[in-house]
Amino acid sequence: MNLEEFLMKNIGKLPPPMVAWAERHLKKIPSIRRKIEKEYDELMDGLETSLKPYKDKFPTFARLPETGRSRAEVLQEMESLRQREEAQWKDGFVSGAVYHGDEEHIEFLNRVYAINSQSNPLHADVWPSTTKFEAEIVSMCASMLGGESQAVCGTVSSGGTESILLAMKTYRDWARDAKGITRPEMIAPVTAHAAFDKASQYFGIKLIKIPVDADSRADINAARRAVSRNTVVIVGSAPSFPHGAVDPIKDLSELARMHKVGFHTDACLGGFVLPWAENLGYNVPPFDFRLPGVTSISVDTHKFGYAAKGTSVILYRDKELRRYQYYTTTEWPGGLYFSPTFAGSRPGALSAACWAALTSIGEQGYMDATKRILETAEYLKNEVRQIPELRLIGDSLFVIAFASDSLDIYKVLEFMSRKKWSLNGLHKPTCMHICVTLRHTQPGVKERFISDLKAAVAHVKSHPEEKGSMAPVYGMASTMPMRGLVSDMLKKYLDLIFKV
Ligand SMILES: *Cc1c(COP(=O)(O)O)cnc(C)c1O
């Protein structure tokens with residue numbers, strides 16, 4: 001056996017650093033490279049039909065049309081595209097994604113957008129209305145998250161990812177200035193959102209991942225061991241995207257306070273649910289600014305805040321910390337320039353729509369919505385518990401994650417897709433989830449989910465010979481030791497997305 005054959009055969013048994021080395025080595029061999037490329041191409045060809053369904057049905061523009069098309073034609077085409085796509089999310093077949101989605105709410109936000117479509121908060125002198133909206137959005141979120149009587153402040157951003165990226169950059173720059181840390185480290189549970197890993201890659205902050213316990217909550221002892229003199233921030237989720245688990249924020253934030261480092265609560269998903277769940281009497285562990293160690297919180301207005309897509313809020317305990325987020329330059333020939341977030345020009349209309357959502361719904365509206373969502377989730381949890389082949393992961397309020405010890409859960413996921421459902425396949429551990437939104441509180445939706453899920457389980461159980469088409473891809477992608485190959489595959493997928 002030569003080296004190549006040996007590596008191909010045994011790569012699964014090698015320790016991770018050697019896998020990465022073996023992978024690089026193998027990829028350099030032309031015959032292996034060709035084989036891998038061929039496999040990718042076949043996989044991508046299979047995906048292309050489902051990802052590009054409009055190829056022959058609608059006109060394609062690889063370059064600008066020589067003369068403009070009629071507006072009526074453009075609108076008509078878009079209406080027709082919308083009609084094809086709308087039913088799935090509107091009828092509640094999608095996990096997360098559209099959190100409100102009632103016709104009148106959408107119409108209202110669209111009118112607000114139309115009124116404000118030209119506004120850009122970069123020009124605060126021209127649109128002081130937008131500045132007003134944004135200041136009040138931040139203040140309303142701060143007061144909702146325990147910052148009422150404190151100096152809590154923040155900014156509006158374009159989404160949860162941007163809020164998290166901004167916070168991590170802020171801690172890096174704060175720690176360099178205040179503590180002279182030049183090789184910054186952040187500590188986050190493995191279940192923390194991918195945006196923290198993105199921040200680590202973008203900003204050169206080393207990410208120390210800590211494991212979670214059987215209930216999918218961050219291991220506080222592992223966090224204690226992970227703290228070093230280069231730690232700039234510790235992170236916890238309230239709750240986490242994968243399993244909806246609320247990390248032990250109190251202990252984690254106290255650990256951060258003891259070491260005089262930052263603590264970020266990622267409440268992107270839960271920020272507009274947990275405060276109302278608490279008021280409704282649900283058991284909600286503390287996670288917000290009422291904990292003295294919490295120094296920042298990300299909260300997504302475009303999720304359970306029911307704003308249009310494209311807004312989120314990043315909050316800080318005080319103005320001192322927020323200053324490290326700001327960008328200013330005094331030397332540019334374009335004039336004195338400053339911006340609070342990554343973007344320059346920004347869509348003021350989205351902030352206006354966000355403000356309109358918050359103020360038109362109000363506390364009572366959020367409370368009612370939360371009640372409906374949590375009751376639906378309670379029903380789904382109880383029903384999933386009754387299915388002997390399935391096992392719930394953790395004890396979550398509104399993200400229902402489940403695994404199976406006897407069946408391939410990805411086959412269950414695939415069967416659900418054939419029944420029109422768009423749910424999330426997760427790994428480490430292998431499971432799937434549905435994030436409950438107002439869409440699922442419509443009459444009949446939760447019952448339909450359970451009956452389809454039962455049918456899926458029965459089908460997978462009685463057809464062990466069926467391999468499925470996506471299930472093996474998911475399975476391979478989650479267990480394959482060569483993570484670089486999986487990464488390459490994802491990049492090919494992105495290439496495909498941007499193919500005309
Ligand atoms: C959705 C989510 C994010 C990221 O938000 P985007 O708006 O998709 O960028 C971050 N953290 C958690 C827990 C989330 O659920």
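**View 1. Ser-216 is buried, with a relative accessible area of 4%.** Here buried means under 20% relative accessible area, exposed means over 50%, and partly exposed is anything in between (1.4 Å probe, protein chains only). This is a predicted model, so to speak of a local feature pLDDT has to be at least 70, and side-chain atom pairs count only at pLDDT 80 or more, while totals for chains, interfaces and linings use all residues. Residues are numbered from 1 along each chain as its sequence is written, and side-chain values use heavy atoms, with hydrogens and water left out. Ser-216 sits in the loop between strand 3 (206–210) and helix 9 (220–226); helices (H or I, at least four residues) and strands (E, at least two) are DSSP runs, numbered from the N terminus. What stands out about the backbone of Ser-216 is a positive phi of about 70 degrees, although the residue is not a glycine. Most residues other than glycine have a negative phi.

**View 2. Lys-260 is another non-glycine residue with a positive phi, this one about 55 degrees.** Look for Lys-260 in the loop between helix 10 and strand 5 (262–267). Lys-260 counts as exposed because its relative accessibility is 62%, whereas Ser-216 is buried.

**View 3. Two cis peptide bonds, one between Ala-238 and Pro-239 and one between Lys-428 and Pro-429.** Most peptide bonds are trans. For the Ala-238 to Pro-239 bond, omega is about -5 degrees, and Pro-239 lies in the loop between strand 4 (231–237) and helix 10 (249–258). For the Lys-428 to Pro-429 bond, omega is about 5 degrees. Pro-429 belongs to the loop between strand 12 (424–426) and strand 13.

**View 4. Around the ligand there are 13 residues, of which Gly-160, Thr-161, Asp-266, His-302 and Lys-303 come nearest.** Which element gives the largest share of the shell? That would be helix 7 (residues 160–179), with three residues. Sorted by class, the shell has five nonpolar, five polar and three charged residues; Ala, Val, Leu, Ile, Met, Phe, Trp, Tyr, Cys and Pro count as nonpolar, Asp, Glu, Lys and Arg as charged, and the others, Gly among them, as polar.

View 5. From Gly-160 a polar backbone atom comes in, 2.9 Å from a ligand oxygen. Lys-303 brings a polar side-chain atom, 2.9 Å from an oxygen atom of the ligand. On its own the ligand exposes 380 Å², and the protein buries 85% of that; accessible areas come from the Shrake-Rupley method with a 1.4 Å probe, and for residues only the protein chains shown count as cover.

**View 6. Lys-303 also forms a salt bridge, with Asp-300 as its partner.** A salt bridge is a side-chain nitrogen of Lys or Arg within 4 Å of a carboxyl oxygen of Asp or Glu, and by this rule the count comes to 28. Side chains of opposite charge can pair when their charged atoms come close. The closest N and O atoms of Lys-303 and Asp-300 are 3.4 Å apart. Buried or exposed, what is Asp-300? Asp-300 is buried, because its relative accessible area is 1%; Lys-303 is buried too, at 16%. Elsewhere, salt bridges that share partners join Glu-79, Arg-82, Glu-86, Lys-90 and Glu-103 into one network.

**View 7. Lys-90 and Glu-86 meet in a salt bridge (3.5 Å, N to O).** Both residues lie in helix 4 (residues 71–90), four residues apart, or about one turn of the helix. Lys-90 is buried at 14% relative accessible area, and Glu-86 is buried at 19%.

**View 8. Thr-441 and Arg-372 make a polar contact through their side chains (2.9 Å).** Such a contact is a pair of N or O atoms within 3.5 Å; within protein, one must be able to donate a hydrogen and the other to accept it, and residues adjacent in sequence count only if both atoms are side-chain atoms. Thr-441 lies in the loop between strand 13 (431–435) and helix 15 (445–462). Its relative accessibility is 17%, so Thr-441 counts as buried.

Note on methods: Near = heavy atom within 4 Å.
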